[in-house]
Amino acid sequence: AKKSNEALSSQEMEAMADNSMTSLDWDGTYEGILPCGDCEGIKTIITINRDNTYVARETYQGKSDSAFESKGTFKWDDKGQKIILSDIKRHPYFVGEDTLTHLDKEGNMISGDLAKKYILKKVKDELFGQKWHLVSFKGEDIQINEAKAEHAFMELSEDFTMNGYT
């Protein structure tokens with residue numbers, strides 16, 4: 001054991017700093033279908049951002065086609081492994097390599113046969129932050145005129161908004 005006035009070695013400091021918050025590329029969008037007691041499942045999409053904000057969208061399958069959306073901030077736990085969302089009704093999430101794992105209210109991993117169903121996977125496709133151009137319409141090719149920007153395009157943002165030009 002170290003005395004309280006002894007300095008930590010650089011190796012010990014590095015080991016302490018090696019956690020989800022500091023070691024993983026954690027920001028992005030995660031999705032999956034969480035178990036639900038009175039519906040077919042909860043389609044869940046959560047985007048967590050470097051500025052510690054989040055957007056969550058949940059659709060209760062078999063009950064409603066509309067999604068419930070909430071936004072807020074999150075903070076990391078003392079170990080830098082879990083995030084706690086600002087909405088106090090929400091459970092914390094463990095941040096893993098390209099995964100967010102929905103935890104119980106106390107912040108523990110859910111065990112048993114359904115454990116794998118509580119894992120949201122990071123969206124790897126590049127839909128967000130890209131400009132998508134219309135290249136054909138009703139079987140006819142469309143010539144893209146980049147210089148004048150007079151062509152149809154759309155852009156999808158990670159906050160679930162879209163803009164474009166027609």
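Guide: Buried here means under 20% relative accessible area, computed with a 1.4 Å probe on protein chains only. The model is predicted. By that definition C36 and C39 are both buried. These two cysteines are joined by a disulfide, with an S to S distance of 2.2 Å. The cut-off for such a pair is 2.5 Å, and the count under this rule is one disulfide. The torsion about the S-S bond of C36 and C39 is about 125°, so the disulfide is right-handed.

Next, the strands. Eight of them form a closed barrel in the order β1-β2-β3-β4-β5-β6-β7-β8, with antiparallel pairing. From one strand to the next the twist averages 30°. One of the pairings joins β4, residues 68-76, to β5, residues 82-85, in the antiparallel sense over three bridges. W76 has I83 of β5 as its bridge partner.

I83 also belongs to the nonpolar core. The largest such core has 20 residues, and those that touch the most other members are I48, F74, I83, Y93 and L100. At least two residues each come from β1 (28-34), β2 (41-48), β3 (53-61), β4, β5 and β6 (93-96). β2 gives the largest share, three residues.

Leaving out residues up to four places away in sequence, Y93 touches L34, T44, I46, Q81, K82, I83, L85, L100, T101, H102, L103 and L120. Two of these contacts, I83 and L100, are listed with Y93 among the core residues that touch the most other members.

Conventions: Residues numbered from 1 in each chain as written. Predicted model: local features only at pLDDT ≥ 70, side-chain atom pairs only at ≥ 80, totals over all residues. Heavy atoms only, no water. Buried < 20%, exposed > 50% of the residue type's maximum accessible area, 1.4 Å probe, protein only. Pairing = 2+ DSSP bridges. Helix = DSSP H or I, 4+ residues; strand = E, 2+ residues; numbered from the N terminus. Axes fitted to C-alpha atoms, helices over the stretch in contact; angles between N-to-C directions. Core = buried A, V, L, I, M, F, W, Y, C linked by side-chain atoms within 4.5 Å. Contact = heavy atoms within 4.5 Å.
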